[in-house]
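Please look over both before reading the points below.

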Amino acid sequence: MQPVKFVTADSLDSDTGFVRLRVGTDLGGSGGPGGTSKPVISKNIKEENIDVRKANKLDTLRAGYKNMISEKVSKKFAEKDEVDDEPPIGAPIIAACYNGDYLYEENYWEGDVNYKMGDSLHYFEIKIIPDTLALKDTLAFGETAKLIVQAKDADSNDVEFPDDKLLTFRIESNENYGTFINANGDTLRATPVVLKNVNYGSAKDGSIRFAAVKENPDSFVTCSIRVSLQEDTTKAGERKAIVLEQTLSIDIVEPYSVYPTYFNSHGVRVYIEQLSQKQFDVKMTRGGKSVSRHHFKLYTDYVVGSGGHNHINIRANNNDNYGYFLKPNDNQHYRPLEDSTSNLGRLDNIIYNASYFGDLMRIYLESSQNKLFIDSIDIIERIPNLVELQEGNNYELVGAPQNHSGTNDPCRPTAPTSQHSVNHFGTQQMITSIQNIADDYALLHSGIIIRVNDMSLENGGLFDANNNWSNPHQSHRMGTNADIGFTGISQNDNCVNLNRRDLENIIRRHTSQAPYIEGDHYHVYQ
Ligand SMILES: [Zn+2]
Ligand SMILES: [Zn+2]
């Protein structure tokens, strides 16, 4: 026997009631109820068989009726599971079958079916339609999807529902990975992610969007999106959006350091490609798979205050100050560098060529298509292994602002303008030479200490003593220079002229070089 579906008619005029059903072989028989059904049992069958067959038919009907009830009950439970935590909702069709005193006579079975008129809305269906060509319900970090909400009856048929009814949208799981964009195009920033007072008409038209723009998952996460009717939150719907990782990144191996593009001690430019260049790759993945033809831009900016440059004026915008990029098999200098990922989702063997400065240079990577796809890496521009000259008995450290507080340099009563507070870094060899020069001069001229001015900054590189990202120091870049004044300090803190012939001889002895004369000091190099 096929299941029979009973649907209430539109003409029912009360909210609850019952309908009496009769099923039989002779509904039009004498004494029985009216009807048009005719017996299905052939008149040719012998009388003794009729009773047996009739009984069988009635048993079948009863069994069918029980089945119908149990199907209804299990369907109710199934619906309950679909809409989490919701009690079964009044349906426009049968809410419960009457399972009491059904009775049957010879020719028909009779039973009552209760009905209860509910709203035709039973739940909301949510469709997630990603903007990109992607799997259903699946989008990636940086992507958005249209949400289409449809009112449904208990049989999952579309139903009319007033456009002005208000809905609440909420993200119920992994809300750190997704949010909504409202009908005005505003992205909801708050957590928890709840968007209230959305007209059903607007939701039905797909004007609310889901946006995977908060965090980039490591692989993927599932965001549960729930839409409920504000006046009766038992009327609701839920859908899961899968959010994949999507990452544009700089692929680089340590050490993240290069030499500044530098000059040697004599002010002659020396550039050693291998030392001032750092190679890296750019790659793009979506859900772990490579993304080809993704256009991106690379550019650099220095980290303010790094490398001992304690001044905040902006460097002139040129390759010497910001470094530049090279592509493989291409000698052009790019700043910025713009290109696209290959079919393998990459651009390999990009080279960063250092600036003149010893500092922290930040390489920025940006997608040209979506500003959420960004990465950056800090490259230390540094002459390695520089050490700081510490205070000593036979020399005074001068030239940095803090060296001139009070009267500790009687030869220079006003502080220098240099805003480089650590100016005495050098190679270990240079540090030792300065200490030996000071000691030897004190042996010859007891009680006189020499004044050691600028050496190199902590990372080396161009030492712009005038705080203008430019000379005057041509050298002082590699920790192999020091400026020693022609004047020194006596035991009673007076500024005295040094014996230049003695000082120069001592310098020659320890550096194997004759120092240059620069204004009021010897420029010592090694
Ligand atoms: Zn500087
Ligand atoms: Zn110098």
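The structure is a predicted model. The protein chain has six helices and 34 strands. Of its 526 residues, 34% count as buried.

**Confidence**

- The average pLDDT of the protein chain is 85, and 76% of the residues score at least 70.
- In residues 29-50 the pLDDT is below 50, and this stretch makes 22 contacts in the model beyond near neighbours in sequence.
- Residues 80-104 also have a pLDDT below 50, with 54 contacts in the model beyond near neighbours in sequence.
- Where pLDDT is low, predicted coordinates should not be read in detail.

**Contacts along the chain**

- Among contacts in the protein chain with a separation of 6 or more, 71% are between residues 24 or more positions apart.

**Nonpolar cores**

- In soluble globular proteins, nonpolar side chains tend to be buried together.
- The largest nonpolar core holds 56 residues, and the members that touch the most other members are Ile 434, Ala 438, Ile 450, Val 452 and Ala 482.
- Helix α5, residues 428-444, gives the most to this core, with six residues.
- Another core, of 36 residues, lies apart from the largest one; Ile 128, Ala 140, Ala 212 and Cys 223 are among its residues.
- Which residues does Val 452 touch, leaving out those up to four places away in sequence? They are Leu 389, Tyr 395, Leu 397, Val 398, His 424, Ile 434, Ala 482 and Ile 484.

**The pair α5 and α6**

- Two packed helices are described by the angle between their axes and the distance between the axes.
- Helix α6 covers residues 500-511, and its axis comes within 9 Å of the axis of α5.
- The two axes cross at roughly 145°, and the crossing is right-handed.
- On the α5 side, the residues that meet α6 are Ser 433, Asn 436, Ile 437, Asp 440, Tyr 441 and Leu 444.
- On the α6 side, the residues are Asp 502, Leu 503, Ile 506, Ile 507, His 510 and Thr 511.

- Tyr 299 sits in strand β20, which spans residues 295-302.
- Is Tyr 299 buried or partly exposed? Tyr 299 counts as partly exposed because it has 18 C-beta neighbours inside 10 Å, while a buried residue needs 20 or more.
- Tyr 299 and Pro 336 are 37 residues apart along the chain, and their C-alpha atoms are separated by 4.6 Å.
- Not counting residues up to four places away in sequence, Tyr 299 touches Arg 335, Pro 336 and Tyr 364.
- Arg 170 belongs to strand β8, residues 166-171.
- Arg 170 has 18 C-beta neighbours inside 10 Å, so it counts as partly exposed.
- Beyond residues up to four places away in sequence, Arg 170 touches Val 193, Val 194 and Arg 226.
- Phe 180 is ten residues from Arg 170 along the chain, and the C-alpha atoms of the two are separated by 8.5 Å.

**Backbone features**

- Most residues other than glycine have a negative phi, and most peptide bonds are trans.
- The peptide bond from Thr 191 to Pro 192 is cis, with omega near 0°. Pro 192 lies in the loop between β9 (179-181) and β10 (194-199).
- The bond joining Glu 254 and Pro 255 is a cis peptide bond, with omega about 0°. The place of Pro 255 is the loop between β14 (246-251) and β15 (257-258).
- Asn 329 is not a glycine, yet it has a positive phi of about 55°. Asn 329 is in the loop between β21 (324-327) and β22 (330-334).
- Is Asn 329 buried or exposed? Asn 329 has 6 other C-beta atoms within 10 Å, so it is exposed.
- Asn 349 is not a glycine either, and has a positive phi of about 60°. Asn 349 is part of strand β24, residues 346-353.
- With 12 other C-beta atoms within 10 Å, Asn 349 is exposed, because the cut-off for exposed is 12 or fewer.

Conventions. Residues numbered from 1 in each chain as written. Chains lettered and ligands numbered in written order. Predicted model: local features only at pLDDT ≥ 70, side-chain atom pairs only at ≥ 80, totals over all residues. Core = buried A, V, L, I, M, F, W, Y, C linked by C-beta atoms within 7 Å. Helix = DSSP H or I, 4+ residues; strand = E, 2+ residues; numbered from the N terminus. Contact = placed C-beta atoms within 7 Å. pLDDT = per-residue confidence, 0-100. Axes fitted to C-alpha atoms, helices over the stretch in contact; angles between N-to-C directions. Left-handed = near helix turned anticlockwise from the far one by under 90°.
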